[in-house]
Amino acid sequence: MHMKHKRIYSNTLIVLPFGLPFLWSADYELQTAIALTSRGATVIAYLANEGRTLFHLLSTPSPIFEIKYGVIMYRPLYILPFHRFRAIRIANYWIATKWLIFIISLTPQWKKLKKIFWTFSLQRSVYPLWFNKTVFKIYDCVDMFMPGRRRDIPEWLREERRILEASDVIFTNSPVLYEQKRKKYPHVFLLPEGMFIPALFPARTHTSEPVALASIPHPRVLFVGNINTRLDFATIRRVATRLPHYSFIFVGNTDVLFSGPDGVSLKNEIDSWNKQKNIYPLPAVPRNKIASYIRSSDIGFIPYDIRQQFNKYCYPIKIQEFFSQGKPVVASAIETLKSLSPLSLIYRTPDEAVYTLKKTLSRPWPKVYQAKQRRIALSNSVDNKLAKAETILLKYFSRVF
């Protein structure tokens, strides 16, 4: 495989636009960029959402290019005023992209490399069409390209079509997304989820309990991730009320950026948690601390509102994290998790969630399940994903590289 790496990643410049902030809890864009860099690629993380206007740059000078974790960060300069308006914003993105392409063409160590545009779902600021035909375009579809608000769905679908139709290859991370995309588009491939980082989630049988959990009684039902309107608050209220001796722990930052369904007040829902004695909202912790929280809990919990299409077809990063530590997972009826039964247990109603939580804790979690969970988590590592992506690129698109 070493020579193949030299043919693909080691001789390639990859422009990877981020749809999420560079340091975000769901950091699959960053981890992919780091992993590609470790395989020899030159990666430019195009941080469109972290660009600066002229006013901001003059008031707070900072470099447009920086290097962190071996990744070249590009925070563009937006020269047109009134960036808050979408039409102006798109124009600024286009100008910033063309400027980046110009810089690449002038940089001796960059211009001689093969070029890839590698974009993920939820990124809708930079488009493959803005790069010429010498740039190979990859759409890495890891989520349904949809917001929480129904009125925004048509616009988001149009945005995804712009990316799909201009891409040379489409990668998907679940059978559900693979079946959806392959019916309409050529060159669609199924890859591992590719969001799991084994080094951060070692398999240990003994661990020190986090201080934040010390006073919280067992059984502990744990959710780890952003606290936003993706959550099904009605189900959370129901299980917490019906199971007063269970501790429901939510570890994560409050995320007000997610455009969830109309009529749901994130503030009101979180305020109500403070009145429920067995719900424990805790601050986010560094990624390398999450494993100790999982090992010190009894059940992983993913109570997403599947009335939202984005949730229904997502592949939660946290499923592999729970699996890596051999914990049972109780989750709403997310399509990608159904095939993981009985390692992940699905509920469809709040009362069924109550029953499933009680049933799961009624007997020890089998060791054979724990071993299978660990194998699944490891098979979905970012390194496995990039290895398979490379095999596909070599087999079907070797003429390009």
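Select residues 220-224, which form strand β11, together with residues 247-251, which form strand β12, and you will find the two paired in the parallel sense over five bridges; strands pair if DSSP finds at least two bridges between them, and both helices (H or I, at least four residues) and strands (E, at least two) are DSSP runs, numbered from the N terminus. Residues are numbered from 1 along each chain as its sequence is written. The model is a predicted one, in which local features need pLDDT of at least 70. Within this pair, highlight Phe223, whose bridge partner in β12 is Phe250.

Next, bring helix α8 (residues 233-242) into view: this helix packs on the sheet and touches β12, β13, β14 (299-302) and β16, where contact means heavy atoms within 4.5 Å. The direction of α8 makes about 145° with that of β12, axes being lines fitted to C-alpha atoms, for helices over the stretch in contact, with angles from 0 to 180 degrees between N-to-C directions.

Now widen the selection to the whole open sheet of six strands, which has the order β13-β12-β11-β14-β15-β16 with parallel pairing. Because β13 (279-282) and β16 (344-347) stand at the edges with a single partner strand each, one side of each is left without a neighbour in the sheet.

Finally, select helix α9 (residues 266-273), whose buried residues (under 20% relative accessible area, with exposed over 50% and partly exposed in between, 1.4 Å probe, protein chains only) are Leu266, Glu269, Ile270 and Trp273. On the other side of α9, Lys267 and Asn268 are exposed, while the buried residues of α9 pack against α8, β12 and β13.

How values were computed:
This is a predicted model: local features need pLDDT of at least 70, side-chain atom pairs count only at pLDDT 80 or more; totals for chains, interfaces and linings use all residues. Side-chain values use heavy atoms; hydrogens and water are left out.
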